[in-house]
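Let's walk through this fold from the inside out. Keep the viewer open as you read.

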Amino acid sequence: MLLVTSRGTGRWVIPKGNSIAGLAPHVAAAQEAEEEAGVIGSACPTPIGTYRYRKQRGNGASLWVDVSVFPFAVTRELDTWKEAHERERRWFKLSEAASKVDEDDLKDLIRSFGASEFNAAARRTGVLDRVAKNTGVSGMFAWFQRLLPAQGNFFELFEAHAVTLVTGSDALARLLQGGGGMGDHIREIVEREHEADNITREVLQAVRRTFLTPFDRSAIISLISAMDDAIDQMQQTAGAVDLYEVKEFDQEMKDMAAIIRDAARLTAEAMPLLRSIAKNGPRLHELTERLVRMEGHADEIHAAGLKRLFREHGESNTLTFIIKREIYQHLERVVDRLEDVANEIDGLVIDHA
């Protein structure tokens, strides 16, 4: 996590600022991140929570300020930026970042990005890093094959697939920012989808040949299929962008991509928790509840984007309207499929917690 120092006291804080007239809160937050920390990326429109702190005014008053916190996936760090000479920026591990800030509620919000179970699982298997960094997957899945015991290696495969969702959604967010390198982002999404297909195939083969499974076989198939459908829809989105050679994207499209990015992160956090559903039931329910809430927010953004698109191009440029409407539809389907994943996880919690 990236923190910056405050200009007044030099303590570690997250980039933040006042509301900006005419800008949605998450867009204003992204602008503050660029000005204060010199980073560009994708801001999720759904806040993860709020915290309160006292701000010292120029007139001497010390007043409470409520801050909404938005997840922000950094895609580029600038060498120079507006407040480069006034602040220090530094990347911290999550636990260290939480210890650096003063506000207790902000500490909790930072910790919510990385449950201990998720980190332990990543250290234990090493699968997440390998899948995320490796696009040549054939050797890795031969390794998976050798590891599969009588009970199957389902949890590692779920976690590996979740990494393809995170990396694919990150590439999708970068793609919808436009600019240079769009072809590379499209290619990465396609590669991630192929990785996901290989993992799904491993799961389905394991279901057939494994005597003991951690969950009902139909539940395993439904969960991995829902995850695979999500990244399939990411590829469909990238395919539409490539086919129609779209270069510019509406803010609502970028907002939906940011929601997809954060929903994929929550899904990746949930997967290792399935190793002990009885113990992790409350946290899993919290994650799925947030996923469902984000899907509802995405529906609102989708509707607003289509309405504005029709108003601006419905009669004057019908072809542009049709093309962009298709991209909106693909983005909506990605979010819907991630909600399907949340519903599958909820079903497992109900059955096993």
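In the largest nonpolar core, which has 71 residues, Phe-158 and Leu-274 touch the most other members. A nonpolar core here is a set of buried Ala, Val, Leu, Ile, Met, Phe, Trp, Tyr and Cys residues joined through side-chain atoms within 4.5 Å; buried means under 20% relative accessible area, exposed over 50%, and partly exposed in between, with a 1.4 Å probe and protein chains only. Two or more residues of this core come from each of helix 7 (154-175), helix 8 (182-209), helix 9 (217-244), helix 10 (251-273), helix 11 (277-313) and helix 12 (318-352). Apart from it sits another core, with 16 residues, including Tyr-51, Val-65, Val-67 and Ala-98.

A word on the ground rules: this is a predicted model, where local features need pLDDT of at least 70 and side-chain atom pairs count only at pLDDT 80 or more, while totals for chains, interfaces and linings use all residues. Residues are numbered from 1 along each chain as its sequence is written, and side-chain values use heavy atoms, with hydrogens and water left out.

Now zoom in on Phe-158. Setting aside neighbours within four places in sequence, Phe-158 is in contact (heavy atoms within 4.5 Å) with Phe-215, Ile-220, Leu-223, Ile-224, Met-227, Met-271 and Leu-274.

How do helix 7 and helix 9 pack? Their angle is about 20° and their axes are 10 Å apart; axes are lines fitted to C-alpha atoms, for helices over the stretch in contact, and angles run from 0 to 180 degrees between N-to-C directions. Helix 7 and helix 9 are therefore roughly parallel, a label for angles under 35 degrees. On the helix 7 side the contact includes Phe-154, Phe-158 and His-161, and on the helix 9 side it includes Ile-220, Leu-223 and Asp-228. By type, the residues of this contact split into 15 nonpolar, five polar and one charged; Ala, Val, Leu, Ile, Met, Phe, Trp, Tyr, Cys and Pro count as nonpolar, Asp, Glu, Lys and Arg as charged, and the others, Gly among them, as polar.

Next stop is Ala-258, in helix 10. Is Ala-258 buried or exposed? Its relative accessibility is 3%, so Ala-258 counts as buried. Not counting residues up to four places away in sequence, Ala-258 touches Ser-42, Ala-43, Cys-44 and Pro-45.

Zooming out, the protein has 12 helices and seven strands, taken as DSSP runs numbered from the N terminus (helices H or I, at least four residues; strands E, at least two). Of its 353 residues, 50% are buried.

Note on methods. Angles under 35 degrees count as roughly parallel, over 145 as roughly antiparallel, 65 to 115 as roughly perpendicular and the rest as oblique.
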